[in-house]
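Welcome! Please look over the structure below, and then work through the exercises one step at a time.

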Amino acid sequence: NESKWFHCIKGNFEIKVIEPDVWIDPSMHSKVYNFDLAENSGDVLFIPGGFINGFKAKKPDSVLMIFSDCSLEESNKDDIRFDINKWQF
């Protein structure tokens with residue numbers, strides 16, 4: 001349900017966004033979108049609610065700012081985790 005906005009403050013990040021076909025056990029063939037955010041680009045990535053997302057720093061000491069349309073309490077209730085090996089990147 002939570003929508004998020006990502007902005008790279010320092011360094012560089014790889015962000016994966018997955019459009020699940022179902023939520024209980026999404027297919028490993030669900031559509032995957034790839035994004036790269038870098039400092040000084042001015043880019044802000046919007047991820048609407050209903051999408052799975054994850055990110056990884058590509059440079060040491062990278063900093064990612066994340067905004068949400070939910071409170072921290074609401075966000076914690078909306079936190080769903082999947083096996084890290086479900087989607088091969």
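At 75% relative accessibility, N40 counts as exposed; here exposed means over 50% relative accessible area, buried means under 20%, and partly exposed lies in between, with a 1.4 Å probe and protein chains only. This is a predicted model, in which local features need pLDDT of at least 70 and side-chain atom pairs count only at pLDDT 80 or more, while totals for chains, interfaces and linings use all residues. Residues are numbered from 1 along each chain as its sequence is written, and side-chain values use heavy atoms, with hydrogens and water left out.

## Exercise 1: two backbone angles

Task: Find where N40 lies and state its phi, then do likewise for D61.

Solution: 
- Step 1. N40 sits in the loop between β3 and β4.
- Step 2. Its phi is positive, about 65°, although N40 is not a glycine.
- Step 3. Most residues other than glycine have a negative phi.
- Step 4. D61 belongs to the loop between β5 and β6, and its phi, near 65°, is a positive value in a residue other than glycine.
- Step 5. With 61% relative accessibility, D61 counts as exposed.

## Exercise 2: the chain as a whole

Task: How many helices and strands does the protein chain have, and in what pattern do they follow one another?

Solution: 
- Step 1. Count the elements: there is 1 helix, and there are 6 strands. Helices (H or I, at least four residues) and strands (E, at least two) are DSSP runs, numbered from the N terminus.
- Step 2. Read along the sequence to get the pattern β-β-β-β-β-β-α.
- Step 3. The radius of gyration of the protein chain is 13 Å, close to the 12 Å that the globule rule gives for 89 residues, so the chain is as compact as a globular protein of that length. This radius is taken over C-alpha atoms, and the rule is 2.2 Å times the number of residues to the power 0.38.
- Step 4. The C-alpha trace spans about 40 × 30 × 20 Å along its principal axes.
- Step 5. Of the 89 residues, 25% count as buried.

## Exercise 3: the sheet with β2

Task: In what order do the strands of the sheet that holds β2 stand?

Solution: 
- Step 1. The open sheet has 3 strands in the order β3-β2-β5, with antiparallel pairing. Two strands pair if DSSP finds at least two bridges between them.
- Step 2. β3 (31-38) and β5 (52-57) are at the edges with a single partner strand each, so one side of each has no neighbour in the sheet.
- Step 3. On average, neighbouring strands of this sheet are turned by 20° against each other, direction ignored. Such axes are lines fitted to C-alpha atoms, for helices over the stretch in contact, and angles run from 0 to 180 degrees between N-to-C directions.

## Exercise 4: a residue of β4

Task: Is I47 buried or exposed?

Solution: 
- Step 1. Locate I47 in strand β4.
- Step 2. I47 has a relative accessible area of 3%, so this residue is buried.
- Step 3. I47 and V63 are 16 residues apart in sequence, and their C-alpha atoms are 18 Å apart in space.
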